[in-house]
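Reader: Please take one part of this model and go through it closely. I would like the side-chain contacts and the ring pairs treated together.

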Amino acid sequence: MKGTKTVNNEILFAEVERIIGEGGGVELRVKGGSMRPFLRDGRDSVHLAPLPASGLRRGMVVLFRYRGHHILHRIRRIEGTRAVIEGDGNYRLREETATADIVAWADAIERGGKRIVFGSLHWRLLTTRSLAVKAARTLFHDLRGTYRRKDS
């Protein structure tokens, strides 16, 4: 694809952290399915910004360092200087990290040429839908596991 350049993640995220650290914002195309259906692999973009002065809170989508990688997931809860974070598309997989390892937050996404800003009605509707799908998927897997154990 003309105009597209592939960059090693280490180099890319070092530059993202530098730009964010200087107070700038970064737009990245989403890669991976761990935040679906809220974010769609290869189709949506996310705008990352420095952490807000008001601080971190439950429900924010954040970029954080975890076991040598950078991950974009939603904050489930904050416990002092630790955060429990999980992807909307993940079944029972959670990461726990120091809040100091949270690099940036998604203050907007771009989908189909439209900018969707954090806190807007459209953002809240997408979040509600995504979390409802996650809850249904979790219930399905829980019930499926229960019935499989009874059959075994």
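Author: A residue counts as buried when its relative accessible area is under 20%. The model is a predicted one. Serine 130 has a relative accessibility of 0%, so serine 130 is buried. Serine 130 belongs to helix H2, which covers residues 121-151. Its side chain makes a polar contact of 2.8 Å with the side chain of aspartate 88. Leaving aside residues up to four places away in sequence, serine 130 touches Met35, Arg36, Pro37, Phe38 and Asp88.

Phe38 is linked by ring pairs with Trp105, Phe118 and Trp123 into a cluster. Arginine 74 also lies over the face of phenylalanine 38, 4.7 Å from the ring centre.

The count of aromatic pairs comes to four. Tryptophan 105 and phenylalanine 118 form an edge-to-face aromatic pair, with 5.0 Å from centre to centre and 80° between the planes. Tryptophan 105 lies in strand S7 (residues 102-111) and phenylalanine 118 in the loop between strand S8 (114-117) and H2, so this pair ties together parts 13 residues apart in sequence. The relative accessible area of tryptophan 105 is 12%, so tryptophan 105 is buried.

Notes. Residues are numbered from 1 along each chain as its sequence is written. This is a predicted model: local features need pLDDT of at least 70, side-chain atom pairs count only at pLDDT 80 or more; totals for chains, interfaces and linings use all residues. Side-chain values use heavy atoms; hydrogens and water are left out. Helices (H or I, at least four residues) and strands (E, at least two) are DSSP runs, numbered from the N terminus. Buried means under 20% relative accessible area, exposed over 50%, partly exposed in between (1.4 Å probe, protein chains only). A polar contact is a pair of N or O atoms within 3.5 Å; within protein, one must be able to donate a hydrogen and the other to accept it, and residues adjacent in sequence count only if both atoms are side-chain atoms. Contact means heavy atoms within 4.5 Å. Rings of Phe, Tyr and Trp (its six-membered ring) pair if their centres lie within 6.5 Å; planes under 30 degrees apart count as stacked, over 60 as edge-to-face and the rest as tilted. A charge sits over a ring if NZ of Lys or CZ of Arg is within 6 Å of the ring centre and within 35 degrees of the ring normal.
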